[in-house]
Amino acid sequence: MSQTMLASSGRTLLHRKVFDMVRHKSYQSKEFNKVLVANRGEIAIRVFRALTELNKTSVAIYSEQDKFSMHRQKADEAYLVGKGLPPVAAYLNIDQIIELALKHDIEAIHPGYGFLSERSDFAKACDDAGIVFIGPSHDVMRRMGDKVAAREAAIAAGVQVVPGSDGPVTSVEEVQQFVKDHGCPIIVKAAFGGGGRGMRRVDDPADVENAFNRATSEALAAFGDGSLFVEKFIERPRHIEVQIIGDHYGQMVHLYERDCSVQRRHQKVVELAPAPALDEEVRQRILADALKLCGSVGYQNVGTVEFLLDSNGKHYFMEVNARLQVEHTVTEEITGVDLVQAQIRVAEGKSLEELKLTQDNIHIHGTAIQCRVTTEDPALGFQPDSGRIEVFRSGEGMGIRLDSASAYAGSIISPHYDSLLVKVIAHARNHPNTVAKMVRALKEFRIRGVKTNIPFHLNVLQQPKFIDGSVDTYFIDEHPDLFQFKGSQNRASKLIRYLGELDVNGPQTPLATDLLPKNVEPPIPSIPAKKPPPAGWKDVLTRDGPSAFAKAIRNNKGCLITDTTFRDAHQSLLATRVRTHDLAAIAPYVSHNFSGLASLENWGGATFDVAMRFLHECPWERLETLRALVPNIPFQMLLRGANAVGYKNYPDNVVHKFADLAVKSGMDIFRVFDSLNYVPNMVVGMDAVGNAGGVIEAAISYTGDVSDPKRTKYDLNYYVNLADELVKAGTHILGIKDMAGLLKPEAAKLLITAIRDRHPDVPIHIHTHDTSGAGVASMLECARAGADIVDAAVDSMSGMTSQPSMGAIVASLERTPFDTGLKLDAISKYGSYWETCRQLYQPFECTTTMRSGNADVYQHEIPGGQYTNLQFQAFSLGLGEKFNDVKKMYAEANEVLGDIIKVTPSSKIVGDLAQFMVQNNLTKETVVERAEELSFPTSVVEFLQGQIGQPPYGFPEPLRTKVLRGKPKIENRPGEDLPSLDFAKLQADLEDKHGRKLREVDVMSSAMFPKEFDEFETFRQLNGPVDKLNTRIFLTGLDVAETTDVEIEKGKTIAITLLAHGKLNKNGEREVFFELNGQVRSIFVRDVEASKDLVVRPKAIPGNRGSVGAPMPGEILEIKVKEGDKVDKKTTLFVLSAMKMEMNIEAPITGTVKRIYLAAGTKVSPGDLIVEIDP
């Protein structure tokens, strides 16, 4: 605006000032002693603070639902209103509020914002009762608060307006006619109120009816009046609003403008003052029009004039908010004016001049930003959340202001009111500095128990366009990246939840015995600080590659050791339950003191699925963790040929992808075997490993006894010929996998000598179990006969169904040509660690039922791990004294199946048949005789069909024919016809199901173990990093008053103390009390056993995206689907009314509606299951 225009405007205002001083000369000035705030929450407290600073008595009102709200406690006096009324209606009851004010000698009422703040009938009721309404007069409120009347006033004052309806619209037909006249887009909005409620944009004429109905319903619920106004929607505007204040003597000033363009669903999210990147002439025109309009109607007190500014710099009047705004704070920060105090002083009759609020005294100092932190989940379409705040830690410091009411730990966020939790206001010298200060403050916040929109705010604040200050109301819609959130880890809260479950419901991992973990701390031997471990065989492999590595192993002069302590030893002795936590603790010591190991067996086999099923940890993360801690020793794993680490055939591309990912994650040597020694199955695994760059160790599964000339099956020629095939297929190392410990010393000498003579240049690696007690002797014979590597476990984890003693082998070969190079002193310290550590796993200890090895393994041939499991089962079923009969039946079942090689999964097939024979009182003769009439275990039928491959000596007849009864037979490799797995589709489906970005290794886990992976992923999302807990606490929890330190990541340790748990409540829950880092926390945990007879609604399953529940308390207004419907992602399932808003709850995945649990009209609590979708 030019200087001439400004001068002219100033003269006009001066003339009006003189006129208005005469017009308002009768206004009586009076100081208030007692002021009531007809509002709640944050704004009520804001006004109370201003009253306290002015030395006035503050009075609160509160609804029944707000009995424990903070605003009630902050006031000098507080009184209940609206008893028996709904939560919102209580604050809209004008008669009761006036009656209460008269009863308690209230002189003035401040309405805050929302509720009755823009109701002219409330202002008039105050006037009629002789109570001062702190705001404009009721006549001005009626005219300005009504958007239609305000529009007419703007036109009369010569202020440009947006084309719109001449008055409130009361029917769909009126809106449809407006669309015909002016076209789309249009906007319908509440005539009385704001805040985005009762507001709908319409881009398509077909959507008019739905938008009208929804907007009317929301406006009526929020403001008590469903009247709507319709106007043309301006494309790409900025939302600029001017803060004004006028006194009773015709004086009026502006306090500059705010930019409120960052909006979602027409509700302001971030507000700035002053408006960045605003042309100064445009600014002056807007400010002048705001003063002109308000002056023309004789406006008194605080108000806001809102404009839309188009891309050409042309502004349009939108509305007047005849009240204090939520975002008044940013104006206060840049001008230094306390607007609430100014409101009160003006209402008392003070002039702006008396308050030193003349235009020439009002200046801009820096910039300010306000972020409204709400209890809404931006990842779920900003669905409001409610519940108890478990943790609250705010961001503070220089330039940060917090306005809140319920932001503290233990506060209950009500579903009945607005979701605003705290307003965060940052103030600095310029816009970029203010942005940086706000980002820092928001990052300091820690809020647990309810979801907040802080992640969204951070995305907005860090978006380059926002930092530049050039945003319009399309900003959020045009930046989908704002909705890409890095989820809060919330690790401490999740761990507390897990510990609460342990305290109330007991172990979350089934314990195999009645023994509990000992409260011990395994001694970790020291290692040199900052000194890298010595070079080892891993360095040779990395430098020279697999073939050269194998050659170097063969040329080594001593006997090398593979340490099985990290896998097969605990699989055999402790039910595969040893956790990464305890492996990682000793790993650096192993790296520094056992660099001469040929390999460290630490992965694959049963450890893969058990990690997810029972230890609740990721097997890939175990591998990656150990690789980082042990960089110098080759890692070795067990690969079941075409079965990878699973128990069935997979498409070939799955096996190849698995090997590739394993090598990338740190695996080196793959012991590839097949449970039937079926070479085509093994070749799949061998090729996969070779293509991935790993070391191929093709392993022959050993059974029988090559030293017994009476045994014609599995003789020396069988093994030598099989070795020929595997060498020809390209193995780097030949393995002998003696899974049952059947390789006697004499047999070992014969077998290794024969293979060594046939293949002098190929390294030979022997694996055995010490079930008979002869394992050490057999390994010594192998070494002398030419084996390059033998397997052993550290002494305290050796023997029985585990591997032979490392210390015994090392000591026996010392000072011989086969010296291992390992030191007994290092082995002793290593063993001491595991001797103590083993006590943590007493619930799975095999020695509970097994006191020693047993040479009868040579008769029944049960593999080591399976032997332990079968014995556990027998004793747990009270059949301990009949375990010998079980072993005998196992041997008979093996004969029935044709004397097959027994290793997972073939060993399970034999075990299934043995149990079947015991249950049906069958012998090896009668089971064949009655085969045509018996219903055999599925595993037996599938074996006889050929689904795991072809046994070396064929299938047993006539058993096979009798059992199959015409079922199809597979004569070739079982998996060769399986179609390739579409990993990209699987990943997309899994990410959709679990709601997070997954790694390739996660997808691979699901490819092999879909059910186990889904359960593990759900568990981890619910309970957090339980792998960081020490083992005793992980298994059985904390004792009362016990504290545990949990290092959740490097340099971040939390301290958790269990304090107590409460009595059972009506919901079948117990409140469990903890201290987290010295602060009291409590959670409610359902007591499963005590509440099993309670009838409770089913809850949505966390992590299962097809399980759709209520995001917060509310009422189901409408069910949009029916059972059996096919729904796409984002299809509306039901409409929920909550927090004065109507929300469309959409399908998170594509699928079929399996079941609808609740009907329209039902009141729901958070998490109540409403719709179940099958993907």
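**A helix pair and its surroundings**

Reply: Happy to. Let's begin with handedness: helix 33 and helix 34 cross in a right-handed way. Please keep in mind that this is a predicted model.

Helix 33 covers residues 883-896 and helix 34 covers residues 906-919. Their axes come within 8 Å and cross at roughly 110°, which means that helix 33 is roughly perpendicular to helix 34. On the helix 33 side, the residues in contact are Met889, Tyr890, Glu892, Ala893, Asn894 and Val896. They meet Ser907, Val910, Gly911, Leu913, Ala914, Met917 and Val918 of helix 34. Sorted by class, this contact of helix 33 with helix 34 has nine nonpolar, three polar and one charged residues.

Now look at the loop between helix 33 and helix 34, where you will find Pro905. The peptide bond from Thr904 to Pro905 is cis, with omega near 10°. In general, most peptide bonds are trans. Another cis bond joins Ala273 and Pro274, with omega of about -15°. Pro274 also sits in a loop, this one between strand 11 (267-273) and helix 11 (280-296).

While we are on backbone details, stop at Arg236, which is not a glycine and yet has a positive phi of about 50°. Its place is the loop between strand 8 (228-232) and strand 9 (238-246). For background, most residues other than glycine have a negative phi.

Eight strands close it in the order 23-24-25-26-27-28-29-30, with parallel pairing. On average, neighbouring strands of this sheet are turned by 30° against each other, direction ignored. Within it, Trp603 stands opposite Met637 of strand 25. Helix 25 (residues 679-692) packs on the sheet and touches strand 25, strand 26 (669-672) and strand 27 (695-701). The direction of helix 25 makes about 160° with that of strand 27.

Finally, an annotation: an unreviewed UniProt entry places the feature "domain: Pyruvate carboxyltransferase" at residues 559-828.

Technical notes:
Residues numbered from 1 in each chain as written. Predicted model: local features only at pLDDT ≥ 70, side-chain atom pairs only at ≥ 80, totals over all residues. Heavy atoms only, no water. Axes fitted to C-alpha atoms, helices over the stretch in contact; angles between N-to-C directions. Helix = DSSP H or I, 4+ residues; strand = E, 2+ residues; numbered from the N terminus. Parallel < 35°, antiparallel > 145°, perpendicular 65-115°, else oblique. Left-handed = near helix turned anticlockwise from the far one by under 90°. Contact = heavy atoms within 4.5 Å. Nonpolar A, V, L, I, M, F, W, Y, C, P; charged D, E, K, R; others polar. Pairing = 2+ DSSP bridges. UniProt positions renumbered as here; feature names shortened; annotations may be inferred.
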